[in-house]
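Subject: Structure handed over, with notes

Dear colleague,

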Amino acid sequence: MASAISLQALDGSHSGSIQDQVNDAVDSLMASLPQPEGLSPQQRRGIIARYTAVLEGNFIYWMTGAFLAVGSDEARSIILDNLHEEVRDSHPAMLRRFAVAAHAAPNDLDAQAVCNDLTNVRLFVGKLSGVRIVLMMAFFEGFIQRYMSFLADLAELQGSTEKEYTDVHGVCDIAHTAGLFRALEEEMILDPVDPSENLFEGVELLRTLILTTVDPAPMTTSATA
Ligand SMILES: [Fe+2]
């Protein structure tokens, strides 16, 4: 995906072009997904399990990293609202119920399959670059609101009727995405990114991780099949 970005786009008033690039990244990721009906039960289980292995214990961590990294009151407020909802409604517990109902609770091999790419995202978050983390999270929220129907289809084909996690995230993340783009604008005004830095580093690392949850490296595919 395009990682180069014009200086004009670093101005908050031009953030629409960044949003377009994020939307394009989400579009291309969605277009790369397989048809659930064309997958084997083991492949469907693996996708749910690896997604759960990543998201159950890391979404709140990543969003907390965003909170620690941002400097504007507006961005802090938006991120805190998001964290509040995650913890109050225990989205990790919701995701665990979803995975268990689909007989896809992650095991050690699922965790191993995503380990390297997950580590890369964690180390990126550890750099505490506010604009870039908020951009990564905006990409993620934009992605999962569309990914939820795919995930729900996988679970249904595995015999599950548990849909709270996918129903909640297909709706609430529309508002979350818009909020994070507002936060991004505030952060860009407060702390413009050095043009020599790759603004989309987090987006690219997270995209790679998501692709691995869908289709892990051949070595781990054989281990999890
Ligand atoms: Fe959530």
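A residue is taken here as buried if 20 or more other C-beta atoms lie within 10 Å of its own, with the C-beta atoms placed from the backbone. By that cut-off, 20 of the 28 residues of α6 are buried, so this helix is largely enclosed by the rest of the structure. Please bear in mind throughout that this is a predicted model.

On the overall picture, the protein chain has 9 helices and 0 strands, and read along the sequence it therefore follows the pattern α-α-α-α-α-α-α-α-α. Of its 225 residues, 40% count as buried. Among the contacts in the protein chain with a separation of 6 or more, 87% are accounted for by residues 24 or more positions apart.

To return to α6, the end C-alpha atoms of this helix are 39 Å apart, which agrees with the 40 Å that its 28 residues should span at 1.5 Å a residue.

A bend of about 50° is found in α2 at Asn58.

Which residues have the most contacts inside the largest nonpolar core? That core has 61 residues, and the ones with the most contacts inside it are Ile48, Val134, Leu135, Met137 and Phe139. The elements that give two or more residues to this core are α1 (15-31), α2, α3, α4, α5, α6, α7 (164-190) and α8 (201-214), and the largest share, 16 residues, comes from α6. As a general background, nonpolar side chains tend to be buried together in soluble globular proteins.

Leaving aside neighbours within four places in sequence, Ile48 is in contact with Ala99, Ala102, Ala104, Leu151, Leu154 and Ala155. Met63, which lies in helix α2, counts as buried because it has 23 C-beta neighbours inside 10 Å. With its neighbours within four places again left aside, Met63 is in contact with Ile79, Asn82, Leu83, Glu86 and Met137. Met63 and Leu80, although 17 residues apart in sequence, are 8.7 Å apart in space from C-alpha to C-alpha.

Most residues other than glycine have a negative phi. Ser90, in the loop between α3 (73-88) and α4 (91-101), has a positive phi near 45°, and this residue counts as exposed because it has 11 C-beta neighbours inside 10 Å. Leu128, in the loop between α5 (108-126) and α6 (130-157), likewise has a positive phi, near 55°; Leu128 is partly exposed, with 13 other C-beta atoms within 10 Å.

With best wishes

Definitions and conventions: Residues numbered from 1 in each chain as written. Predicted model: local features only at pLDDT ≥ 70, side-chain atom pairs only at ≥ 80, totals over all residues. Helix = DSSP H or I, 4+ residues; strand = E, 2+ residues; numbered from the N terminus. Buried ≥ 20, exposed ≤ 12 C-beta atoms within 10 Å, placed from the backbone. Contact = placed C-beta atoms within 7 Å. Expected span 1.5 Å × (residues − 1). Bend = angle between axes of the 7 residues up to and from the residue. Core = buried A, V, L, I, M, F, W, Y, C linked by C-beta atoms within 7 Å.
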